[in-house]
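User: I'd like to learn how to read a few features of a structure, with a worked case for each. Could you walk me through one?

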Amino acid sequence: MTLLQVRDLRLAFGGVQAIDGLSFTVDAGEIVSVIGPNGAGKTSAFNCVTGFYKPTGGSVTLDGAPVTGRRPAKIAGLGVSRTFQNPRLFGELSVLDNVRAGTHLWLKQNVFDALVHTPRYRRSEQEATDEAHRWLDFVGLRGDRAGLVRHLPYGEQRRVEIARALARRPRLLLLDEPAAGLNHGEKGELLDLIRRIRELGTAIALIEHDMGLVMEVSQRVVVLNFGKEIADGPPEQVRQDPAVIEAYLGRDADDAELAAAREEVRGVEG
Ligand SMILES: Nc1ncnc2c1ncn2[C@@H]1O[C@H](COP(=O)(O)OP(=O)(O)O)[C@@H](O)[C@H]1O
Ligand SMILES: [Mg+2]
C-alpha cells in the first residue's frame, strides 16, 4: 500500500532549480533511501514533503490524500515525522522534556486541565513521561535524562532527536543523514535501530551518505543529481548503475578515482 507518493516534484529558488522533476513512493512499512551528491536537492525534497518548503510544481500525497503545500503542523498531524541534518533540539530543555514534546501531538489536553492541573491533566503528563522514557530506552540512550540536552555528546543528541520523532507515533519517519558525525560503533547501533523502527511498522525515508548503511537497510534507493532523478530501484541494481557511479564521480576522474568511487557506491560487498 502506497503511503507517500511524490509526483514530478519541482522546486526553484530564484534561478536555482533545486528539484527538477522528482517522483518516488514509499509503501507502508518500507525503507526507501534518497541519495545523491551534496546540493542534489535531497533535503529540499524532504522539506517539500513535510511542508517546510512549498514546491513550485508537482504533488505530494499521503495515503492518496493531497498534502502539497500544506502547513508543517498539518502534515505532522497526518503521521509524518522527521529529524534534521543538524539536530534541532530544545537545548535549554532536559533530554526527557525534549522527547515529551513529541507526545503533545497526540496527547489530549485542554487549557483548563493544564491551568487547574486536574487529575486528568496529571495522568496525561505521567503518560507523556512514561512514553518518553520508553522511546529513550528504545533508541538506547545511555546518558542522563534529567540534564540539559545540549550537554549530551553529539551522537546521543542524534538519538534523542530520533526518540522525539518516534514519540509523535509517525507512520512515516524521514531521517536526514542520521549517520553523519557518528563513529563506527554508533553507526552499527543506528543500523540496528533503523531495523527495529521498521519492525514497528513505521515506514522510513532515509537521506544518507554512508553507502554501507544505505545498501544494508533499503528496499529501494532513489538517486538525485542536480535536482534530477537519475535512478530508482533496489540497492543491488542502483549500485551498478553507470549513471549513479558517474554522478558520484564527475566526468574528469582518472581510473583510480573511478575504482574508488565504485567501491564507495557499492558499499561493503560480502
Ligand atoms: N532555503 C534555500 N534558499 C535558497 N537555496 C536553497 C535553499 N535550500 C536549498 N537551496 C539550494 O537548493 C539546492 C539543493 O540543496 P539541498 O536540498 O540542501 O541539497 P542536499 O540535501 O542534497 O545536499 C542547493 O543548490 C541549495 O543551495
Ligand atoms: Mg541535505
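User: Is glutamine 85 buried, exposed or partly exposed?

Analyst: Buried means under 20% relative accessible area and exposed over 50%, with partly exposed in between (1.4 Å probe, protein chains only). Glutamine 85 has a relative accessible area of 31%, so the residue is partly exposed. This is a predicted model, where local features need pLDDT of at least 70 and side-chain atom pairs count only at pLDDT 80 or more, while totals for chains, interfaces and linings use all residues. Residues are numbered from 1 along each chain as its sequence is written, chains are lettered from A and ligands numbered from 1 in the order in which they are written, and side-chain values use heavy atoms, with hydrogens and water left out.

User: Which residues coordinate the magnesium ion (ligand 2)?

Analyst: Donors are N, O and S atoms within 2.8 Å of the metal (3.2 Å for Na, K and Ca); water is not among the atoms, so sites may look incomplete. Here Thr43 (OG1) and Gln85 (OE1) coordinate the magnesium ion at 2.0 to 2.3 Å. The two residues are 42 apart in the chain: threonine 43 sits in helix H1 (residues 42–49), and glutamine 85 in the loop between strand S6 (80–82) and helix H3 (95–103). Helices (H or I, at least four residues) and strands (E, at least two) are DSSP runs, numbered from the N terminus. Threonine 43 is partly exposed too, because its relative accessibility is 25%.

User: How do the axes of H3 and helix H5 cross?

Analyst: Axes are lines fitted to C-alpha atoms, for helices over the stretch in contact, and angles run from 0 to 180 degrees between N-to-C directions. The axes of H3 and H5 (residues 119–138) come within 8 Å and cross at roughly 110°. H3 is therefore roughly perpendicular to H5, a label for 65 to 115 degrees; under 35 counts as roughly parallel, over 145 as roughly antiparallel and the rest as oblique. Residues in the contact (heavy atoms within 4.5 Å) include Val95 and Leu96 of H3 and Trp135 and Leu136 of H5.

User: What do the buried residues of H5 pack against?

Analyst: They pack against H3, helix H4 (111–116), H6 and helix H7 (184–199). Among the buried residues of H5 are Tyr121, Ala128 and Phe138. After H5 comes glycine 140, with a positive phi near 75°.

User: And how do H6 and H7 lie?

Analyst: Their axes come within 12 Å and cross at roughly 5°, so H6 is roughly parallel to H7. In H6 (residues 154–167), 13 of the 14 residues are buried.

Terms used. The expected span of a helix is 1.5 Å times one less than its number of residues.
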